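The report below describes a single chain together with its ligand.

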Amino acid sequence: MPGAGNGMTAAHTARALHDASDELRVSELSVVFGGLAALDGVSLSVAKGEIVGVIGPNGAGKTTLFNVICGFVRPETGTITFRNKPLRHHQPHDLAKLGIARTLQGVGLFRGLTVVENVVAGAQRRVRAGIVSAVIGGWRSSREEMALRRRALAILEEMDLDEHADRFPAALPYGIQKRVALARALMSDPDLLLLDEPASGLSEHQMDDLGSMVRELRSRMGVLLVEHHMDLVMSTCDRIVVLNFGRVIAAGTPAEVQRDPEVTTAYLGEDVSAVHQNAGDDGDA
Ligand SMILES: Nc1ncnc2c1ncn2[C@@H]1O[C@H](COP(=O)(O)OP(=O)(O)OP(=O)(O)O)[C@@H](O)[C@H]1O
Ligand SMILES: [Mg+2]
């Protein structure tokens, strides 16, 4: 890290790239949109039980990185490996069987399904909004269906959402919908959870709850947390990677990143610890 001067530079930079315990490794990813480099040589990794944050100003490339890992966007160059297996032509619907789950920027729940049905849908390998009701009500054996429903209800209970199980998403406050989206992602019992701005639109209190929830997941999975809200990222992540204009400009522990001058500059000279107050409210809802 530039200018760190605290004795952790070489070892730390190496850790910020790759380590034998890594589950997810992303190396030298580049993505170009219409001549603009959305990602430019981005490398990072997530080990089992580790929470890695990706932060950066609007347009820095965070969602693009997320979309490449999910298989929505193909990179021009670079590699992704998960548990030492290269992911080359994977599609979003392959993620569940690989052991990866995600929530998207915004909410993305199925409007025509109740909360518990949405969570059950998280167990599906291939889900399309139109067919999911038929899948749930149709060719599944009723025993399998009951087991999935019980599991979904257990997750909802664990996340304090059980009272909403039979409601439709549109009837619920935004913060609750975001939690349901997280519950749905957990339904596939992933080894790696990818979260794109899970805190957008949440109140401070809801954000604290989300932070505790994510920290509790650490014992079961690795987490890649793309997020604007500094408070949440700083209090939740083991390591943080900072993107700006598609490049990694810093990586390290929350404390290291917070005092990195390049990071402060990227956030227009604002005090990084105060950035959460005016970022993240960009209305992706
Ligand atoms: N599908 C696309 N086509 C063209 N350009 C795109 C596309 N997706 C993203 N971009 C551009 O790539 C750059 C990175 O965008 P990206 O959405 O990854 O940023 P971000 O860090 O997630 O921003 P935010 O904090 O606003 O969510 C931006 O300049 C954006 O305009
Ligand atoms: Mg984004």
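## Basis and overall fold

Contact here means heavy atoms within 4.5 Å. Among contacts in the chain between residues at least 6 apart in sequence, 67% join residues at least 24 apart. This is a predicted model, in which local features need pLDDT of at least 70 and side-chain atom pairs count only at pLDDT 80 or more, while totals for chains, interfaces and linings use all residues. Residues are numbered from 1 along each chain as its sequence is written, chains are lettered from A and ligands numbered from 1 in the order in which they are written, and side-chain values use heavy atoms, with hydrogens and water left out.

The secondary structure comes to eleven helices and ten strands, taken as DSSP runs numbered from the N terminus (helices H or I, at least four residues; strands E, at least two). Of the 285 residues of the chain, 53% count as buried, where buried means under 20% relative accessible area with a 1.4 Å probe and protein chains only. The chain exposes about 12900 Å², of which carbon and sulfur atoms supply 51%; accessible areas come from the Shrake-Rupley method with a 1.4 Å probe, and for residues only the protein chains shown count as cover.

## The shell around ligand 1

Ligand 1 is surrounded by 15 residues, with N58, G59, K62, T63 and T64 the closest; a residue is near the ligand if one of its heavy atoms lies within 4 Å of it. These shell residues divide into five nonpolar, seven polar and three charged, on a scheme that counts Ala, Val, Leu, Ile, Met, Phe, Trp, Tyr, Cys and Pro as nonpolar, Asp, Glu, Lys and Arg as charged, and the others, Gly among them, as polar.

Oxygen atoms of ligand 1 lie 3.0 Å from a backbone N or O atom of G61, 2.7 Å from a polar side-chain atom of K62 and 2.6 Å from a polar side-chain atom of T64. The protein covers 61% of the 630 Å² of accessible area that ligand 1 has on its own. The elements giving two or more residues to the shell are β2 (36-47) and α2 (62-70), and the largest share, three residues, comes from α2.

T114 lies in the loop between β6 (100-103) and α4 (115-121). T114 counts as buried because its relative accessible area is 10%, and, leaving aside residues up to four places away in sequence, T114 touches A165, D166, R167 and F168.

The structure holds zero disulfides, a disulfide being a pair of cysteine sulfur atoms within 2.5 Å. C70 is buried, with a relative accessible area of 0%, and C237 also counts as buried, at 6% relative accessibility.

Terms used
A polar contact is a pair of N or O atoms within 3.5 Å; within protein, one must be able to donate a hydrogen and the other to accept it, and residues adjacent in sequence count only if both atoms are side-chain atoms. Buried means under 20% relative accessible area, exposed over 50%, partly exposed in between (1.4 Å probe, protein chains only).
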